[in-house]
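Please walk me through this structure, step by step. I am seeing it here for the first time.

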Amino acid sequence: MSRLGASFRAGKGDGREDMNRSTASAFDQFDFSAIEDMDPSLSEGHRVVYDRECPFELRVQSEAGPQEVGTLEAIQCKILVLGDESNPQHVRIELTSENDLFFHYTHSLDESSFRRMQEQQKLMIDFTDYVTCVLKMLNSCIKEPHSFLAVFLMHTDGNARLDFIQNMEYKFVELLSCDFVASPEEVVRHQITFRYNSTKSKLSLVQSRLKDVNGLVKSKNPSLLLQMQKQPGSRTGGFR
């Protein structure tokens, strides 16, 4: 496990600079902060330091039978910290899926539980480096999916484990394992409600902005608006 410290200790960053810049710039003008502040995940004072989709290999392990063949799926990974990011009091990782709204797993860790994890896995990092370490591993799975793997093993009792594995060509090296648990039904219900209302509110803001743009183009250059409305897939016709 010494490779963990060597491979991931250097450098910090949240990976958000790697998002598609053109998509990000298109939404820069919208202020979604009021919507995002309603996230139930923030109710205990945590704040989000990472929120990104990552390719996971999902596997199901039943107690009676063999492990099922894994399926590749994009899983939304949200890292939250309580306190300062460089010296957190508590770290929580939430996993959700757009393909299954009821998929919701949580990894929760404080300094005391990290020490047990550190001893069991012989980790060469401290608790203050944990968030950066996990963040960098997730980004590596996104950027180099053939070299870095995220395998999520789910048990029928609700427990799960996320294994970060590096493909060294001649062997696979397990870098870090994080224990997860399926969230209670009430938590899942609140999360689904928030995601629905959040999407609905953001769509409303975007549609309102589109209507304003259409009105401006119509007043300045009506022929351009007509040309835009004739383009395949155009939705501007609904805001005349």
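What follows is a short tour, from the overall layout to single residues.

This is a predicted model. The protein averages a pLDDT of 82. A score of at least 70 is reached by 79% of the residues. Strand S4, residues 104-110, has the highest confidence, at a mean of 96. Helix H2, residues 21-27, has the lowest, at a mean of 46. Over residues 8-27, pLDDT stays under 50. The model has 30 contacts beyond four places in sequence for that stretch. Where pLDDT is low, the predicted coordinates should not be read in detail.

Now the layout. The protein has seven helices and seven strands. Read from the N terminus, the order is α-α-α-β-β-β-β-α-α-β-β-β-α-α. The protein has 240 residues, and 38% of them count as buried. It exposes about 14400 Å². Carbon and sulfur atoms supply 51% of that area. Take the contacts between residues at least 6 apart in sequence: 58% of them join residues at least 24 apart.

Next comes the interior. In soluble globular proteins, nonpolar side chains tend to be buried together. Here, the largest nonpolar core has 41 residues. Phe56, Ile79, Leu95, Tyr130, Phe152 and Phe164 have the most contacts inside it. Helix H5, residues 130-143, gives the largest share of this core, with eight residues. Leu95 shows how such a residue is surrounded.

Gln61 sits in strand S1, which covers residues 47-61. Is Gln61 buried or exposed? Gln61 counts as buried, because its relative accessibility is 18% and the cut-off is under 20%. Along the sequence, Gln61 and Leu153 are 92 residues apart. In space, their C-alpha atoms are 6.7 Å apart.

The cysteines come next. The structure holds zero disulfides. Cys54 is in no disulfide, and the nearest cysteine sulfur belongs to Cys141. A disulfide needs the two sulfur atoms within 2.5 Å. Cys54 is buried, at 1% relative accessibility. Cys141 is buried as well, with a relative accessible area of 2%.

Helix H6 spans residues 185-220 and has 36 residues. From its first C-alpha to its last, H6 reaches 53 Å. That is close to the 52 Å expected at 1.5 Å a residue. Which residues of H6 are buried? They are Val188, Gln191, Ile192, Phe194, Arg195, Ser198, Asn214 and Val217.

Leaving aside neighbours within four places in sequence, Pro40 is in contact with His190, Gln191 and Phe194. Pro40 and His190 are 150 residues apart along the chain, yet their C-alpha atoms are separated by 6.9 Å. Met38 is in the loop between H3 and S1 too. Met38 counts as exposed, because its relative accessibility is 61% and exposed means over 50%. The C-alpha atoms of Met38 and Phe194 are separated by 7.4 Å. Along the chain, Met38 and Phe194 are 156 residues apart.

Two loop residues close the tour. Lys122 lies in the loop between helix H4, residues 111-121, and H5. Its phi is near 55 degrees, a positive value in a residue other than glycine. Lys122 counts as exposed, at 56% relative accessibility. Where is Glu169 found? Glu169 is in the loop between strand S6, residues 159-167, and strand S7, residues 172-182. Glu169 has a positive phi of about 75 degrees, although it is not a glycine. Glu169 is exposed, with a relative accessible area of 80%.

Technical notes:
Residues are numbered from 1 along each chain as its sequence is written. Side-chain values use heavy atoms; hydrogens and water are left out. A nonpolar core is a set of buried Ala, Val, Leu, Ile, Met, Phe, Trp, Tyr and Cys residues joined through side-chain atoms within 4.5 Å. Buried means under 20% relative accessible area, exposed over 50%, partly exposed in between (1.4 Å probe, protein chains only). Helices (H or I, at least four residues) and strands (E, at least two) are DSSP runs, numbered from the N terminus. Contact means heavy atoms within 4.5 Å. Accessible areas come from the Shrake-Rupley method with a 1.4 Å probe; for residues, only the protein chains shown count as cover. pLDDT is the predictor's confidence in each residue, from 0 to 100. The expected span of a helix is 1.5 Å times one less than its number of residues.
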